[in-house]
Amino acid sequence: MIKRTLQIILSKLADDQLLEPANYEKGDYLSKEDIDKSYSIASSVFGSSNLLLIGGAALQNYYPLHKSKDIDIIVNGEVEAKKNLLYDKGFKGIKNEGPKPLFDANIYSSYLDLGEKKIRVEFYSSKGLLDSDESFDNLKKKALYREYNGEKIYFVDPVNLCKLKYNAWRNRLVNGRADKDIIDLKKADLLGYVDKNNQYYQKIAKAYHQGITGRFKSVLSDAVHVLHQEYLKRHNS
């Protein structure tokens, strides 16, 4: 298996295209109705104005062809203090995942049981997620929204979504997503919303055209995931 993985790394390094990893995430693709309903249920605990969609669930607003299998939400509040209420509303298996590399935020994973679907929902604290001086209130001021059953569903603005996607891409060695986040930004043409003098514009534009170091990291990310999946198969068999 290791030999085969090394062969894959070498073959992919020879290709100068962005690397779109295999779809390994479990679960069904989510509709906008799934996302809105999940947000609405969470808002019954935190309040609609204290939630903000990020990740793929937010990207869908700018690029309708994008489909997500999970929902990421920034929360203005303490998830730990609301765990029992969240459980009563259908959020099961609530677990503190702790900070991730390059994301010094509190992250709680859970599954929302909607009967036919079990939807993975991750709650993030705003602190430590973006710039050190960024606050939930500042994000909220720039946020956009759509209507759902008379309620506002807030999602992050294009510039901050670019920042988050770029940082997630930088995290790829530990999450096995290769270039997925950069590909998402490119397909949605979100870089067009960012001022060309903005530091993130330059960083993302450079990520579109990787050098050999960035290329190696992307391929290694995919290889790490392949090896991890193989380990899990053998460990659980």
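In which strand is Arg146 found? Select Arg146: the residue is found in strand β6, residues 144-148. Helices here are DSSP runs of H or I with at least four residues, strands are runs of E with at least two, and both are numbered from the N terminus.

The model is predicted, so local features need pLDDT of at least 70 and side-chain atom pairs count only at pLDDT 80 or more, while totals for chains, interfaces and linings use all residues. Residues are numbered from 1 along each chain as its sequence is written, and side-chain values use heavy atoms, with hydrogens and water left out.

**Whole chain**

Show the chain as a cartoon. Its secondary structure comes to ten helices and seven strands. Of its 237 residues, 46% count as buried. Buried means under 20% relative accessible area, exposed means over 50%, and partly exposed is in between, with a 1.4 Å probe and protein chains only. Contact means heavy atoms within 4.5 Å. Among contacts between residues at least 6 apart in sequence, 66% join residues at least 24 apart.

**Arg146 and its surroundings**

Return to Arg146. Its relative accessibility is 12%, so the residue counts as buried. Leaving aside neighbours within four places in sequence, the residues in contact with Arg146 include Lys32, Ile35, Asp36 and Leu53 on one list with Glu151, Lys152, Ile153 and Phe155.

**Gln60**

Select Gln60, in the loop between α3 (55-59) and β2 (70-75). Is Gln60 buried or exposed? Gln60 is buried, because its relative accessible area is 4%. The side chain of Gln60 reaches the backbone oxygen of His66 at 3.3 Å. With neighbours within four places in sequence left aside, Gln60 is in contact with Leu30, Ser31, Lys32, Ile35, His66 and Lys67.

**The nonpolar core**

Next, select Leu53, Ile71, Phe91 and Phe123. Of the 57 residues in the largest nonpolar core, these four touch the most other members. A nonpolar core is a set of buried Ala, Val, Leu, Ile, Met, Phe, Trp, Tyr and Cys residues joined through side-chain atoms within 4.5 Å. Helix α2 (residues 32-46) gives the most to this core, with six residues. Center on Phe123: apart from neighbours within four places in sequence, its contacts include Ala42, Phe46, Ile73, Val75, Phe91 and Tyr108.

Move to Trp169 in helix α6. Trp169 is buried, with a relative accessible area of 8%. Not counting residues up to four places away in sequence, Trp169 touches Ala178, Asp179, Asp181, Ile182, Ala207, Gln210 and Ser218. Its C-alpha atom is 9.9 Å from that of Ile204, 35 residues apart along the chain.

Color α6 (158-170) and α8 (residues 180-188). Their axes come within 7 Å and cross at roughly 150°. Axes are lines fitted to C-alpha atoms, for helices over the stretch in contact, and angles run from 0 to 180 degrees between N-to-C directions. That makes α6 roughly antiparallel to α8. Angles under 35 degrees count as roughly parallel, over 145 as roughly antiparallel, 65 to 115 as roughly perpendicular and the rest as oblique. On the α6 side are Cys162, Lys165, Tyr166, Ala168 and Trp169, which meet Lys180, Asp181, Ile182, Asp184 and Leu185 in α8.

**α8 and α9**

Ile182, Leu185 and Lys186 of α8 make the contact with Ile204, Ala207 and Tyr208 of α9. The buried residues of α8 are Asp181, Ile182, Ile183, Asp184, Leu185 and Ala188; what covers them includes α3, α6 and α9.

**Two positive phi values**

Finish with two loop residues. Most residues other than glycine have a negative phi. Asp189, in the loop between α8 and α9, has a positive phi of about 55° although it is not a glycine. Asp189 is exposed, with a relative accessible area of 54%. Asn149 lies in the loop between β6 and β7 (151-155), and its phi is also positive, near 50°. At 70% relative accessibility, Asn149 counts as exposed.

Notes:
A polar contact is a pair of N or O atoms within 3.5 Å; within protein, one must be able to donate a hydrogen and the other to accept it, and residues adjacent in sequence count only if both atoms are side-chain atoms.
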